[in-house]
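This report describes selected strands, helices and ligand contacts of one protein model.

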Amino acid sequence: MKFHEMNETEVEQALNTDSTSGLTEDDVKKRRNQFGKNELEEGEKQSALLLFFSQFKDFMVLVLLAATLISGLLGEYIDAVAIIAIVIINGLLGFFQERKAERSLQALKELSAPQVSVLRDGEWIKIPSKDVVVGDLLKFTSGDRVGADVRIIESNSLEVEESALTGESLPVAKTAGAIKKANIGIGDMENMAFMSTLVTRGSGMGIVVATGMKTAMGQIADLLQNAETMTTPLQRRLEQLGKILITVALILTVLVVVAGVIQGHDLYTMFLAGVSLAVAAIPEGLPAIVTVALSLGVQRMIKKKAIVRKLPAVETLGCASVICSDKTGTMTQNKMTVTHLWSGGKQWLVDGVGYEPQGHFYRNDSQVEPKEDKALQQMLMFGMLCNHAEIKRKENEFVIDGDPTEGALLVAAMKAGYNRDTLLSQFQIMKEFPFDSERKMMSIVVKDQQGKQYIVTKGAPDVLAGVCESILWEGKRKFLNREVIGHIQKAIEDLASQALRTIAIGVKELSPNTIILDEKEAEKGLTFIGLQGMIDPPRPEVKNAVKECKEAGIKTVMITGDHVITAKAIAKQLGILTNKSKVLDGKALSEMNVDELEEVVDDVAVFARVSPEHKLKIVKALQNKGHIVAMTGDGVNDAPAIKAADIGVAMGITGTDVAKEASALVLLDDNFATIKAAIKEGRNIYENIRKFIRYLLASNVGEILVMLFAMILGLPLPLVPIQILWVNLVTDGLPAMALGLDQPEDDVMKRKPRNPREGVFARGLGWKVVSRGFLIGIATLLAFIFAYHANPDDLPYAQTIAFATLVLAQLIHVFDCRSEKSVLARNPFGNKYLVWAVISSLILLFVVIYYPPLQPIFHTVPIEMKDWLMITGLAAVPTFLLAGSFLMTKRK
Ligand code: ATP
C-alpha cells in the first residue's frame, strides 16, 4: 500500500485505527500476534554448547588432557578420571562465569532500549519501542529516534535526519499532507518518517504503517548488525599481561620439570606435574572474572539508578576528576513554581503549593485580583497559550506532563482563573517555532476571533529583551530607551539573585495576511510584556554529593542555560561556587578559543547562559588540562559533548534518544548525586578487581615457588598433580568471586582519582603479589620439609600437610587482599560472601583429606590435631608477618 499517497482518513481506514483515541489494548494484542514484535532481528548468538567447549581450547588445558589420556592408557585410571573431572568442573565454572557476564550485558542493553509515546485507549503513554504495533499513533520530538515507520499526520517544524537510509546527512523537513505521486523513493517521502531515523527539530505525530523487519530499516537490517565489542582498557591490559604471565609460568614450569628430572624424578611424573602446574599457574580465568566483577558492579549501579551503557565507563568513572553537570533538573528538582511577576515597573507575588492550581496574587503585601492589570493579564494568558505542558491529577497530587518551566507558567495562569481550552477557542494557533537551547525562545503565531494575527514569544528575558522594540508600560506601548532597559535589567537581576529562574513574554501584532516563514522574522520588533520568576529548589542531596566529590579530588562544574545570576545564587547554595572560583557566561565563552579557555578553565566553577555547543569547548579545554571529564546532557545538541567527554552522562527521564545513545552512563533519576554514587561504585569495582588479581596471582606464585624450590633442593614432589589442580579450582573459584563483591573501603571517596594510565601492578600491587606469593611458597615448603623429615617413609603424609598449608595460607591471605593497607586495617570478616566462600573451601579441604573414598584420588591421608597447629601457624605467617610490618610503620 502506498501510504504516502493517502490522506489521514484513508490511512486510518486502511489500518483500522483512530487518530483521536488510538488503538485499544485488545487491538494491540491481536496485531502483535499477527505481526510480531517491533524489533530488528539480531545476528546469530554463540550457542551454550559452543561456549562450554570454548573453555577447553586453551593450549595448556589441551596438553593436560592429552597427558591425562596417556596416563589413563598407562593404567593410572584414578588419576586420569580425577584430573579430567577437575578440568571439566573448571570449564563449567568458566562457562557459568562467561554466561553470567553475557546475560548481564544483554540485560543492560535491554534496560537502555528506547521508549516511545503512543496513544492507546485515548491516553498518551510511554512504552518500550518493541511493543509498538501497526496502527499505533506515535508522537515524537526533537532528539527522539522514530520508533517505527509512520505516515505523518501532524508536523510542527518537524525535521528528520535519515542518513542511515538515504545517505543524505542533512535533515529533511517533514509535512503532513498526502503526496500524489506514485513511484517516489524514500528520500522524497516527506510525509513519512522511518524507524530509527532521528528527529533533529520540532515535533510530530504519525500513524505506524510498518514495524520490525517490515520497516525500511528492516529491509537493510543486516547492515546494522553491530557487534560492538565491549572490552575495557583493563581487560585489554590483562589480556596482554596474560600473555606475559603464560610465558613466565611456562618458563618456571620447565625449570621445575628440568630441576626435578636432574634430581632423579622420572620424566613422566615430572611432565604431568609440570603440565598441571602450568594449567594452575596460568590465570586463564582472570578475564572472565573481571567481566563478572564489572557486570556485578554494573548491577549494583542499576540499584543506585545509574545505567552503564558502555562497560569501559565503569573503569573510567574511577578516574573522573571533573563532573560538568547541568543545573536544571540535575542539581535542582525541576519542580517549578512561579512566585514573582514583574511588568511595567510593578511586581506581584503569587502563593500556592507545588503544581496545585490554587493561589493568590499580592502586590505591596495586599491581595489583588490579577485580571485587573492589563499587562499582568496578558503575561499570564500568553504564557498559557505559548505552552505545551499539561497539568494532570495523579492520585492526590497535581503533576506536569511536559516541560516543568512551561508547567509553572500554566499553573500561574490557572491560579488567575485562566483555562487553556477557553483560550484555545479564542485564539487559533497557526504556527509554532519550537524552543531550543540556542535561541532560548519559543514562539507561536495565533489568530484571534476578529482575525487579527499575533506573534507570542516566551524565552530567556535578557535574550527576549534584545529582540523587543517596545514595552507595555501602564497599559500603553512605549519604545524601549536606555532608562526602560535599565528597569528591565534591574528586574531580571533582582529575581535572579533570589535564585529564581526567569521567563519573559513578548507579543507583536502582525499586519493582516502576513505569512511568517521562519523564527528570525517572527522574533523581532516585539513588545515586552513582563517577567515571571519561578523557584526551582536544589535537590537536597546535591550539596553533600558536591562536598563528597571535592573530598575525592573531583571538581564539580555547573553548566547551565540559565541566567548568570540565578546560576550563581544556586551554585553558592550548593557549595559549587566559592570565593576563589569564577563564573563565565556564554558570551565570554564564544569569544574564547579552546586554548584561551584552557588557561582559565581550572578556576571556573559555573558556566551560565551557555548553549549546548559551548559544552564541547569546555570538555576539550578540560581534557587538554589533563582532566578526565564527566559531562551531562539531555538534548540533541548536547550529543557531541557527551560523546567527546570521557564519561558522557545522559538523563534518563528528560534525555533524548540521541543523548542517551551518545552516553556511557544514563541517570535513571536525572540526579547529580547519582553520578557521585556511580563514581564511588566505579572506584570500588576497580579496587575489587585489583583485589582478586592480587589474590589469584599471589596464589599462583606460591604454587610455582613451592614446586620449584622443592625440586632445586632435591626433595620429592611436595604436591601431586591432582592436588595442584584442586588448589587452582578452589582458589580461582568462590573466594576470588567473593572478593569481586567486596564492599568499598571507608576511604574510597577520600582518595584522589586514579591515574587512567596506571598499569595493573601500580600502587604496590606487583610487590604485594611477589612478596605474598613468595611467603606462601616458603611457608608451604617449610611445612612439607618438617613433615617429610619427621616421617621420611610416608610421602603422602608430607604431601597432605603441604597441600593443607598451601590452601590455608591462600584462604588466610584472601582476607588481607580486602585492603590496600593491611588485613588489620578493616574488619576482616566484613564481607559475608567471602566468609562463606572461605568456609566452603575449608569444608572441601576437610572432605578431600578425611573422606576415605576421596583419599586415594587426591593422594591424601588423614592428619592429626598437632599437624593442624603447625599448618595453621605456618599458613598465617605470610599474612601476619606483613600485618606486623604495617603496624610497625603505622606506629612510627
Ligand atoms: P540546564 O542547562 O541547567 O538544564 P536550562 O534548562 O536553564 O539549564 P535551557 O533549557 O537552555 O537551559 O534554558 C535556557 C533559558 O531559556 C532558561 O533560563 C529560560 O529563560 C528559557 N527557557 C527555558 N525553557 C523554555 C521554554 N520552554 N520556552 C521558552 N523559554 C524557555
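Two strands are taken to pair if DSSP finds at least two bridges between them. Helices (H or I, at least four residues) and strands (E, at least two) are DSSP runs that are numbered from the N terminus. The structure is a predicted model, in which local features need pLDDT of at least 70 and side-chain atom pairs count only at pLDDT 80 or more, while totals for chains, interfaces and linings use all residues. Residues are numbered from 1 along each chain as its sequence is written, and side-chain values use heavy atoms, with hydrogens and water left out.

**The eight-stranded sheet**

Eight strands form an open sheet with mixed pairing, in the order β8-β28-β27-β26-β9-β23-β25-β24. Because β8 (306-308) and β24 (582-585) stand at the edges with a single partner strand each, one side of each is left without a neighbour in the sheet. On average, and with direction ignored, neighbouring strands of this sheet are turned by 20 degrees against each other. Angles run from 0 to 180 degrees between N-to-C directions, and axes are lines fitted to C-alpha atoms, for helices over the stretch in contact.

Within the sheet, β23 (residues 555-559) pairs with β25 (residues 604-608) in the parallel sense over two bridges. Methionine 558 has valine 606 of β25 as its bridge partner. Helix α19 (residues 564-573) lies across β23, β24 and β25, and runs at about 140 degrees to β25. Helix α25 (residues 672-712) also packs on the sheet, where it touches β8, β9 (322-326), β23, β26 (629-633), β27 (647-651) and β28 (665-667). The direction of α25 makes about 155 degrees with that of β9.

**The ligand and its surroundings**

| Residue | Protein atom | Distance to a ligand oxygen atom |
|---|---|---|
| Threonine 328 | backbone N or O | 2.9 Å |
| Aspartate 562 | polar side-chain atom | 2.9 Å |
| Arginine 609 | polar side-chain atom | 3.2 Å |

Taken alone, the ligand exposes 610 Å², and the protein buries 92% of that; accessible areas come from the Shrake-Rupley method with a 1.4 Å probe.

Strand β3 (residues 137-141) pairs in the antiparallel sense with β1 (residues 115-120) over three bridges, and with β7 (residues 198-210) over five bridges. Leucine 137 of β3 is the bridge partner of leucine 119 and stands opposite isoleucine 207 in β7.

Strands β10 (residues 337-343) and β11 (residues 346-350) run antiparallel and are joined by four bridges. Tryptophan 342 has glutamine 347 of β11 as its bridge partner. The hairpin of β10 and β11 has two residues between the strands, and there glycine 344 takes a positive phi near 45 degrees. Strand β11 pairs in the antiparallel sense with β12 (residues 361-363) over two bridges, and valine 350 has phenylalanine 361 of β12 as its bridge partner.

How values were computed
Contact = heavy atoms within 4.5 Å. Polar contact = N/O pair within 3.5 Å; in protein donor to acceptor, adjacent residues only side chain to side chain.
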